[in-house]
Amino acid sequence: MEKKYYTTIGLEIHAELKTNTKMFCSCKNDPDEEKPNVNICPVCMAHPGTLPVANKKAIENVIKVGLAINANIADFSEFDRKNYFYPDIPKGYQISQYKYPIVSGGHLAGLDITRIHLEEDTATSKHDKGDYSLVDYNRAGVPLMELVTEAHTFENPEDAAKAASVFAKEYQLLLWYLGVSEANMEKGEMRVEANVSISPDKDKKWNAYVEVKNLNSFKSVEKAIKYEVERMIDLFEEGKESEIVKETRGWDEMKQKTVSQRKKESSQDYRYFPDPDLPKMKLHEAFDLEEMKKNLSETPAQKRARYKNDYGIKDEDIEFYINNLLYSNFFELVVQNLKNDIETIKLASNYITSDIVGFVSAGGVLLPAWLQTSNENFAKLIVMLKENKLSSRAGKDILKIMCTEGGDPMQIAIEKDLLQKNDTGALTEIAQKIIDANEKVVVDYKAGKEAALMSLVGQMMKETKGSANPQIAKNLLIDLLK
Ligand code: ZN
Ligand code: MN
């Protein structure tokens, strides 16, 4: 039998903060600037004699994230120099945090958080120029928040990979909700790295772990971890565990495999020391943490709980709203028009997540304009459906008209003669007419064929252009056929 291996992972996630200016100078922080080297100044270009000034907004953003995950906000914090040489780091060191991160502890999406610290981003190197490289310093000095999770051990690689991508997704959502980062992975605004190791023994951690980089999507986070674990297991199985070394490997999306990039430095090599150019920080004095906590935006987790408690809708639909703020804002406006009736709210939600989403993906509705203007009419339509004034068929037809041309659902229903006919007198007449015209179907029904009855109901719906209440129509037919 094949041996069992445990997978241990730890995540490091860098996210660029959304601030007006860079971390230590007043240059614009503009991730969409395409012209190279325009948002630069002597400070972020490391000219001699220049001094950094910390961006308070960036520090506040990191504290917000800490508060949202119930972490400790350090009273004392400071910036350190992380020394290494590379063309994208003009000072020869990166200003980061070592011993005293702003945030420590906290939990998110099932993982324990070690710390969140603040640092500056590097410049962007362009190596695709043939025999030379170019460096764009627009990004140099942009505030960068680094989150590090504790190491977590899983029974199998699938669980580990899933936990990592679920965590990354939830963290991205949290950053959006708090408004602190765009966290777009394809644009490199959020960069996930996974430290991966395996061990045949649950309690004995293997020392050599591999840091997997270049994970540009949640899918690649999952695939890269699974691939890396399988690679390590194969080496173990072949008795080559000495070939599992501490190193950085990049995920190659084209080849669907990890490729060795460099053997990893230990933190000693960086010769961290406190940056003498920046003042020490007393965060509990500089920020009113109580007030910040009170004013914190709703987190995705809080919103999930609220939707579950207040609306009782399906988990799947809740998740849809959590990820689609345009729709959840629309849904909440609709709910305001529905007087807290849970069944009506659920009906509204079903029409939003199936019909409206369907029309939108078919190109029939222009979001967000439509969602902003039509919540009242949509709520009216839902109430009409709930009160059996419309069949669901008619409801869908009216919604389609509302989505393309707009309008009041009652007016549309009257114009198109779609109000449900619950009036048995008129319906009895139609039912009798249909019975008379369908001798053979009636014989089949009387011989015990249930399907024959549905065919008659269908004809009634057709005759009334869908406005008959199908249940009433069915009962009428049964009575008349007795
Ligand atoms: Zn600058
Ligand atoms: Mn970092």
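**Chatting through a predicted model**

User: Leaving aside neighbours within four places in sequence, which residues is threonine 344 in contact with?
Analyst: Contact here means heavy atoms within 4.5 Å. Threonine 344 sits in helix 9 (residues 342–361), where helices are DSSP runs of H or I with at least four residues, strands are E runs of at least two, and both are numbered from the N terminus. Setting aside neighbours within four places in sequence, its partners are Leu338, Ile382 and Lys386.

User: What kind of model is this, and what pLDDT do local features need?
Analyst: It's a predicted model, where side-chain atom pairs count only at pLDDT 80 or more, totals for chains, interfaces and linings use all residues, and local features need pLDDT of at least 70. Residues are numbered from 1 along each chain as written, chains are lettered from A and ligands numbered from 1 in written order, and side-chain values use heavy atoms, with hydrogens and water left out.

User: Is threonine 344 buried or exposed?
Analyst: Buried means under 20% relative accessible area, exposed over 50%, and partly exposed in between, using a 1.4 Å probe and protein chains only. Threonine 344 has 6% relative accessibility, so it counts as buried.

User: Which residues coordinate the manganese ion (ligand 2)?
Analyst: Donors are N, O and S atoms within 2.8 Å of the metal (3.2 Å for Na, K and Ca), and water is not among the atoms, so sites may look incomplete. Along the chain, the donors of this ion follow the spacing H-x104-E-x26-E. The glutamate pair links distant parts of the chain, with glutamate 119 in strand 8 (residues 111–120) and glutamate 146 in strand 11 (residues 143–149), 27 residues apart. Both glutamates are buried, and the coordinating set, at 2.1 to 2.2 Å, is His14 (NE2), Glu119 (OE) and Glu146 (OE).

User: How far apart are the C-alpha atoms of valine 212 and glycine 250?
Analyst: Valine 212 is in strand 14 (residues 210–215), and its 0% relative accessibility is why it counts as buried. Not counting residues up to four places away in sequence, valine 212 touches several residues, including Arg249 and Trp251. Glycine 250 is 38 residues from valine 212 along the chain, yet their C-alpha atoms are separated by 5.6 Å.

User: What is the radius of gyration of the chain?
Analyst: The chain has 17 helices and 18 strands. For 482 residues the globule rule gives 23 Å, and the chain comes out well over that, so it is more spread out than a compact globule. The radius is taken over C-alpha atoms, and the rule is 2.2 Å times the number of residues to the power 0.38. The value for this chain is 31 Å.
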